[in-house]
4 protein chains.
Amino acid sequence: MSLIKVGLVGIGAQMQENLLPSLLQMPDIRIVAACDSDPARAKQIHRFISDIPTMDSVPAMLDAACLDAIVMACPPQVHREMSIRAMQRGVSVFVEKPPCATLDELQELVELARQCGVRTGVGMNFKFARPVRQLREMTTSEEFGRTLHIQLNHYANKPRTPLWGLDSTLRSFLLAQAIHTIDLAVTFGQGDLVDVQSRVQRHGDALIVKGEFTFSSGATASLLSGTTFPYFEFQMKLVSSSSTMVELDNLWNITVHEPEHGTRATGAAKRWRGAWQPGPLDSGYERSGYFGELYEFFDACRTRTRFEADFESLLPTYRIIEAICRADCATDADLDATAIRGMHALPSKGAGLERLSA
Amino acid sequence: MSLIKVGLVGIGAQMQENLLPSLLQMPDIRIVAACDSDPARAKQIHRFISDIPTMDSVPAMLDAACLDAIVMACPPQVHREMSIRAMQRGVSVFVEKPPCATLDELQELVELARQCGVRTGVGMNFKFARPVRQLREMTTSEEFGRTLHIQLNHYANKPRTPLWGLDSTLRSFLLAQAIHTIDLAVTFGQGDLVDVQSRVQRHGDALIVKGEFTFSSGATASLLSGTTFPYFEFQMKLVSSSSTMVELDNLWNITVHEPEHGTRATGAAKRWRGAWQPGPLDSGYERSGYFGELYEFFDACRTRTRFEADFESLLPTYRIIEAICRADCATDADLDATAIRGMHALPSKGAGLERLSA
Amino acid sequence: MSLIKVGLVGIGAQMQENLLPSLLQMPDIRIVAACDSDPARAKQIHRFISDIPTMDSVPAMLDAACLDAIVMACPPQVHREMSIRAMQRGVSVFVEKPPCATLDELQELVELARQCGVRTGVGMNFKFARPVRQLREMTTSEEFGRTLHIQLNHYANKPRTPLWGLDSTLRSFLLAQAIHTIDLAVTFGQGDLVDVQSRVQRHGDALIVKGEFTFSSGATASLLSGTTFPYFEFQMKLVSSSSTMVELDNLWNITVHEPEHGTRATGAAKRWRGAWQPGPLDSGYERSGYFGELYEFFDACRTRTRFEADFESLLPTYRIIEAICRADCATDADLDATAIRGMHALPSKGAGLERLSA
Amino acid sequence: MSLIKVGLVGIGAQMQENLLPSLLQMPDIRIVAACDSDPARAKQIHRFISDIPTMDSVPAMLDAACLDAIVMACPPQVHREMSIRAMQRGVSVFVEKPPCATLDELQELVELARQCGVRTGVGMNFKFARPVRQLREMTTSEEFGRTLHIQLNHYANKPRTPLWGLDSTLRSFLLAQAIHTIDLAVTFGQGDLVDVQSRVQRHGDALIVKGEFTFSSGATASLLSGTTFPYFEFQMKLVSSSSTMVELDNLWNITVHEPEHGTRATGAAKRWRGAWQPGPLDSGYERSGYFGELYEFFDACRTRTRFEADFESLLPTYRIIEAICRADCATDADLDATAIRGMHALPSKGAGLERLSA
């Protein structure tokens with residue numbers, strides 16, 4: 001299986017702008033079929049690849065083409081349903097995030113993947129972004145020491161209403177946006193998830209979501225996110241046991257603050273830091289992680305090893321999402337009870353404490 | 001009392017480097033005496049001002065000179081004790097932070113100041129720093145809307161052992177360092193303090209302190225601080241109901257992210273932001289707040305009005321400090337109990353929840 | 001000719017990393033043949049596109065395939081020679097920079113293209129980079145006013161020896177690197193080139209190249225470039241008659257300084273500026289200009305209009321390159337003469353003045 | 001003369017905002033008299049220092065007080081005239097820039113200072129600014145190597161009309177603003193000034209001034225300055241023979257680009273650089289150089305050694321200023337001549353070449 005035959009599902013913007021371009025320049029991959037519930041959109045594939053068949057359903061595509069893997073960019077319900085279909089036929093599955101709407105659904109998908117012996121993958125591109133990889137490598141060095149705390153700020157301005165037919169804007173936001181940063185918390189936090197605390201503030205239909213996650217490694221991670229912000233941006237900070245603090249700004253710039261730093265000409269001195277930027281002509285899909293996530297997924301398919309961002313890897317992320325949603329509901333209930341006692345002035349949505357290790 | 005006669009107490013580094021230079025260039029102030037328990041250090045004042053008497057005790061200075069106010073830069077025990085002496089003699093008091101070690105002590109000072117009818121002040125220079133003032137003005141504008149959340153990161157690398165004879169490194173750190181950022185949380189949070197949650201992590205003798213504070217205005221503030229960092233730096237972010245996000249970096253640079261921004265030549269467009277920097281030759285003690293804090297204190301003395309950073313203004317700040325210390329102790333107790341049950345692997349110092357509105 | 005049939009020439013790093021990925025995701029383009037003097041490298045195309053023929057010479061490819069255009073990434077001698085072959089057969093030509101080694105050669109190519117009625121293009125990707133396009137649009141606005149001066153800093157660390165069999169490291173550097181920034185000077189300078197002054201300093205085998213170019217619009221442009229720098233970076237500044245100064249840093253960040261600027265919440269105030277950054281997930285080949293240059297070239301092929309970066313557009317750029325080389329030689333001659341008179345201490349390579357309008 | 005007795009001349013904004021505050025906190029200096037042609041302004045000194053006499057003329061002050069030095073912040077004509085008076089009486093002289101209006105005048109002052117055996121000083125605060133000192137130290141290190149080129153950008157928006165009764169806006173601008181950056185060119189260029197080329201563009205009453213200066217060390221310096229910019233800012237870059245490039249932004253931030261750089265946790269890697277910022281609470285007059293210039297001047301007075309920024313040190317700076325003015329006049333003449341020959345379209349003020357070593 002050195003040449004992998006791939007079917008595409010969902011030929012919308014994310015497929016055309018990020019996944020397809022990455023696939024087109026990936027060696028030893030052949031896109032052999034494309035599928036979209038809208039036949040006209042399916043045919044848009046012909047602007048990029050001539051002479052491949054297009055279908056309007058995944059089962060039809062699975063029947064017609066001999067596929068090693070499918071790559072999907074659809075709503076989570078479709079991801080879930082069609083992943084099941086594909087896995088049952090022994091076809092490996094890569095889906096854009098989110099793969100499904102709930103932890104229960106994810107656990108079913110994980111179990112089925114295990115039974116079917118297929119590779120699975122989710123488009124967690126942040127994790128594979130080049131500067132994040134640099135940080136991951138840095139955090140394994142002896143000089144960096146142990147990661148003690150991760151601060152994640154993920155600014156967004158949508159969704160302000162529920163997505164995908166879900167009834168919760170909060171869950172929609174967590175699955176559509178914060179899933180990336182929660183996954184980074186899990187990635188850098190290391191060890192098992194021990195504790196989740198969270199708090200959701202609402203202003204009109206906009207959210208501010210804050211969380212604090214504790215891992216068995218001793219590391220903690222805090223999240224500031226929500227939809228109250230003017231536009232999407234992202235910042236991460238790591239603090240280590242060697243008093244090193246690393247900042248990542250927007251998948252562009254890395255700054256390393258360490259107790260002693262300098263240059264050849266100055267020697268180590270106070271208030272010097274190391275800074276990294278991508279080159280001026282840095283192009284393509286590696287910096288943002290779209291290339292890397294697909295490259296490693298197909299490598300896992302070839303070598304029949306586990307892909308780092310498979311369905312199973314997202315279990316702690318979904319546990320956190322469920323905990324945040326549950327705490328928010330509990331607080332709503334508290335507020336109702338409280339309102340009866342006349343404390344309707346309490347403006348915050350309150351604190352949710354979820355101890356998972358109990 | 002247009003010309004205010006001032007006595008200085010504690011002629012150490014903070015006095016010589018920040019307070020004294022600000023006083024020397026402040027109009028209509030006369031430094032008429034200086035006092036230090038070390039007579040040689042007291043006499044260092046003569047390098048700046050000739051022919052003023054020096055003493056080695058505050059009572060002696062109060063006896064010898066006819067003072068309107070004293071300015072002190074000493075340990076908190078001295079601040080407290082000598083503030084009492086001065087206030088009892090009707091002399092107004094400005095002290096470097098911290099004014100005292102506990103909330104109880106602060107309450108006594110507040111009560112005494114009220115009885116004596118004197119002005120009090122604490123050197124909360126962050127609050128008076130020029131870029132912070134710009135932010136405070138900005139947050140009062142209709143266009144900014146209501147402040148929803150404040151994120152405060154205050155990086156430090158000391159103290160690693162208790163200061164001033166206290167028995168707690170945590171309390172020493174909070175009083176010596178985090179007091180500034182907690183005070184900013186109170187300043188921008190507005191309204192009464194409703195809730196404090198906090199968590200302290202330890203790595204060797206270094207701390208990571210995290211807190212989340214809720215105010216009756218509905219605003220929340222989060223704090224990431226501690227002594228695990230490589231050197232002192234400071235960052236603040238504000239998010240408002242108009243989806244404006246303001247960042248202050250190190251009392252130097254302000255960045256305003258708003259949904260629509262642009263320039264005359266571009267018009268409003270995506271991903272534009274407004275940025276402010278001080279001028280290249282920006283000099284003196286106004287940017288860092290040392291001039292402003294003293295200027296306004298003496299103005300309050302002249303006009304017999306309340307000074308914004310008086311002892312009383314610090315009550316919510318001390319409530320937060322007490323809550324963080326108490327929660328940390330409670331967690332220690334929990335940990336001891338837990339250890340008996342065998343969970344000695346739990347690395348974090350855990351979560352403390354303190355509901356002040358109860 | 002809505003679907004354009006393209007042959008690739010030179011399947012090396014630049015083709016595989018930037019041009020090919022851009023072509024693969026470009027609608028309505030078909031790559032139908034690939035050619036490289038190294039047959040094994042030609043066959044590397046099959047990792048991306050199966051079943052297209054590969055050749056080891058351009059004439060063979062022109063014979064075998066019915067091509068609308070070729071895209072070349074080769075040394076300038078090959079660009080020149082094979083452009084002639086292709087143009088003579090009515091095939092349009094897009095070449096990486098540089099298209100040839102001298103102004104005389106370029107003039108021949110321009111003339112031939114005119115005779116053959118084909119489209120030509122050169123890979124001046126800086127000109128098509130998204131932030132440069134933003135600047136170009138900005139400079140056309142009435143509010144920006146007239147561009148008065150352009151400062152271009154282009155830092156490089158190679159070549160340190162002549163490329164492509166040329167005998168001049170200086171010419172090699174200008175053709176391989178500075179061509180981009182000189183082209184931007186011409187682009188933003190507007191009008192005809194009136195005057196070139198330049199100076200080359202040498203330190204060992206490293207160069208510092210400085211130039212000042214005057215245009216009939218009244219605008220001037222200055223260039224600081226060379227191979228003495230630690231790594232490649234790029235910065236551009238524009239000053240306009242409305243006292244607006246725009247900075248572009250490395251094709252990433254734009255900063256606009258204007259006399260009055262502010263935000264909704266602050267109003268216009270001193271020392272505010274507007275800043276733009278690409279989004280965190282900005283991916284692909286549009287920001288760096290590789291997509292845009294090819295997209296517009298093929299659009300010109302379809303519409304039979306002039307492509308903005310065609311061979312002819314580079315005439316002023318080559319005039320500047322020739323003037324810099326000629327002035328440097330003249331200075332060398334002067335220095336020799338001078339040395340006889342004993343001024344061997346003069347360290348700089350001196351000043352060359354070239355008045356083109358004479 | 002361990003305690004230096006100082007008389008102040010010109011109690012305007014620059015004196016009150018920068019010089020006086022620096023003097024007030026300078027050890028072992030006594031301000032014993034103040035003088036201003038406006039008696040009311042002279043008396044403003046009493047808001048800072050009580051009980052010192054005020055005068056309305058320097059001769060009166062020299063008669064009345066026994067002075068070691070005077071510090072002046074006046075127009076250049078007054079600086080020149082009163083420096084002569086003071087020096088003739090053996091009093092050392094520190095003046096704000098500019099000390100006088102022409103090179104001839106400066107040469108007379110230099111000669112007189114030599115005859116009188118007094119110390120002289122000019123307020124070249126950029127040279128003494130803390131980050132510039134860091135750069136100066138850096139450039140002396142073996143690792144930095146030899147400085148090859150200095151790029152100086154000095155943005156200003158005034159003066160737009162002649163100052164101090166001069167008849168040239170250009171000369172006024174050079175003496176009031178660009179003098180600082182030209183002095184930095186001389187400071188970092190090292191060795192004797194060998195060559196000056198310059199060009200002045202005009203747009204309405206606003207200037208763009210460009211210059212290229214060559215030094216006997218082999219270093220060159222380029223200047224971009226003028227009054228067409230929106231507000232005052234300053235940037236300097238240095239390139240060295242070790243391929244190190246240092247940037248100074250606005251007397252705040254230093255960035256060092258070197259071929260190999262990294263952090264403890266990353267090791268040396270591509271595109272890392274070292275960056276330095278002042279601390280968040282950096283206060284006072286040292287960063288901007290006002291303290292350092294005066295401190296070192298008085299130290300030179302005490303030790304009877306040469307002060308680094310004495311009148312004589314400014315001779316090359318004034319030579320450059322004269323060359324720029326002369327070239328601009330010559331070009332005007334050329335233009336007139338040229339206009340007769342019909343080349344009235346030439347928009348630039350042209351090029352002036354001034355070879356000083358001839």
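This is a predicted model: local features need pLDDT of at least 70, side-chain atom pairs count only at pLDDT 80 or more; totals for chains, interfaces and linings use all residues.
Residues are numbered from 1 along each chain as its sequence is written, while chains are lettered from A and ligands numbered from 1 in the order in which they are written.

Domains of chain A. I found domain 1 at 4-118 and domain 2 at 127-286 + 316-340, with bounds that come from an automatic or database domain assignment. Counting two residues as in contact if their C-beta atoms, placed from the backbone, lie within 7 Å, I saw 11 residues of domain 1 meet 8 residues of domain 2. On the domain 1 side, α1 (13-24), α4 (76-88) and α5 (103-116) each supply at least two residues, and α1(A) gives the most, with 3 residues; helices here are DSSP runs (H or I, at least four residues) and strands likewise (E, at least two), numbered from the N terminus.

Chains A and B. I then looked at this pair, where 33 residues of chain A are in contact with 33 residues of chain B. On the chain A side, β7 (147-155), β8 (193-203), β9 (206-215) and β10 (220-226) each supply at least two residues.

Chains C and D. Finally, I noted that a rotation of 180 degrees with 0.0 Å of shift along its axis superposes chain D on chain C (RMSD 0.0 Å), by least squares on the C-alpha atoms of residues with pLDDT of at least 70 in both. That is the relation of a two-fold axis.
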